[in-house]
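Q: Could we go through this structure together, starting with its aromatic residues and then moving on to other features?

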Amino acid sequence: MFSSLDISTSALVAHRVRMHVISQNLANASTTRNEAGELVPYQKRHVALQTDESVGSRGAVGVKVAEVEIDDSPPRYKWDPTNPDAIQQGPYQGYVAYPNIDMITEFTDALAVARAYEANLGAIEIAKDLAQQTLRILA
């Protein structure tokens, strides 16, 4: 019974990390410079999950964050020669390089993560109610 709580808790932790990464992507959707001030747009992040065999018992497994991957897709370019962040030379002269982040995809992912988080909270509530009912029967 407690392994079900551990499994749901591992999923809650993983979904919290996923939501944090999505919020970082949304917050940096128009960031054209890196931390050093160079004209390098923010690169989107993805969370890679994997099973966590140390969580469950009797064949059940939890989940954990394997890594937060950096997307290496090229930036999207927008013509804006008056922008101070516009590229000054080369084939993209006059264009501004923005992160390749699709807001609709990020919002959809955030909604899916929120629903999965809620589902795991519901599973924890059910396990808690079952434990209470069992204790009532035994008492």
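A: A term is needed at the outset: a residue is buried under 20% relative accessible area, exposed over 50%, and partly exposed in between. Tyr 95, at 29% relative accessibility, therefore counts as partly exposed. Please note that this is a predicted model.

Q: How many aromatic pairs does a search of the whole structure find?
A: The search finds 3 aromatic pairs. One of them joins Tyr 77 and Tyr 92, which are stacked, with 3.9 Å from centre to centre and 10 degrees between the planes.

Q: Where do Tyr 77 and Tyr 92 lie?
A: Tyr 77 belongs to strand E3, residues 76–79, whereas Tyr 92 is in the loop between E3 and strand E4, residues 95–98. The pair therefore ties together parts that are 15 residues apart in sequence.

Q: What is the geometry of the aromatic pair of Tyr 92 and Tyr 95?
A: Tyr 92 and Tyr 95 form an edge-to-face pair, at 6.2 Å centre to centre and with 85 degrees between the planes.

Q: Which residues form the aromatic cluster?
A: One cluster is formed by Tyr 77, Trp 79, Tyr 92 and Tyr 95.

Q: What else is found in the loop between E3 and E4?
A: Gly 90 is found in that loop, and at 47% relative accessibility Gly 90 counts as partly exposed. From Gly 90 to Ile 137 there are 47 residues in sequence and 76 Å in space, C-alpha to C-alpha.

Q: Changing topic: how many salt bridges are there in the whole structure?
A: A search finds 3 salt bridges. One of them is between the side chains of Arg 33 and Asp 85, at 2.8 Å from N to O. This pair links distant parts of the chain, with Arg 33 in the loop between H1 and strand E1 (45–52) and Asp 85 in the loop between E3 and E4, 52 residues apart.

Q: Which residue forms a salt bridge with Lys 44?
A: Glu 106 does, and the closest N and O atoms are 3.0 Å apart.

Q: What does His 15 touch, leaving out residues up to four places away in sequence?
A: His 15 touches Val 113, Ala 116, Tyr 117 and Asn 120. His 15 has its place in helix H1, residues 2–27, and counts as buried at 11% relative accessibility.

Q: Where is Leu 49 found, and what is it in contact with?
A: Leu 49 is found in strand E1. Beyond its neighbours within four places in sequence, Leu 49 is in contact with Ala 14, Arg 18, Val 63, Lys 64, Val 65 and Ala 66. Leu 49 and Ala 14 are 35 residues apart in sequence and 7.6 Å apart in space, C-alpha to C-alpha. At 36% relative accessibility, Leu 49 counts as partly exposed.

Q: Finally, what is the volume of the largest pocket, and which residues line it?
A: The volume of the largest pocket is about 160 Å³. Its lining consists of Asn 28, Thr 31, Arg 33, Asn 34, Glu 35, Val 40, Pro 41, Tyr 42, Gln 43, Arg 45 and Ile 70. By class, the lining has 4 nonpolar, 4 polar and 3 charged residues. Arg 33, one of the lining residues, also takes part in the salt bridge with Asp 85.

Definitions and conventions: Residues numbered from 1 in each chain as written. Predicted model: local features only at pLDDT ≥ 70, side-chain atom pairs only at ≥ 80, totals over all residues. Heavy atoms only, no water. Phe/Tyr/Trp six-rings, centres within 6.5 Å; stacked < 30°, edge-to-face > 60°. Helix = DSSP H or I, 4+ residues; strand = E, 2+ residues; numbered from the N terminus. Buried < 20%, exposed > 50% of the residue type's maximum accessible area, 1.4 Å probe, protein only. 1 Å grid on protein atoms, 1.4 Å probe; cavity = no way out; pocket = protein on both sides within 12 Å on 5 of 7 lines; lining within 4 Å. Points joined across faces, edges and corners; volume = space filled by probe spheres on them. Nonpolar A, V, L, I, M, F, W, Y, C, P; charged D, E, K, R; others polar. Contact = heavy atoms within 4.5 Å. Salt bridge = Lys/Arg side-chain N within 4 Å of Asp/Glu carboxyl O.
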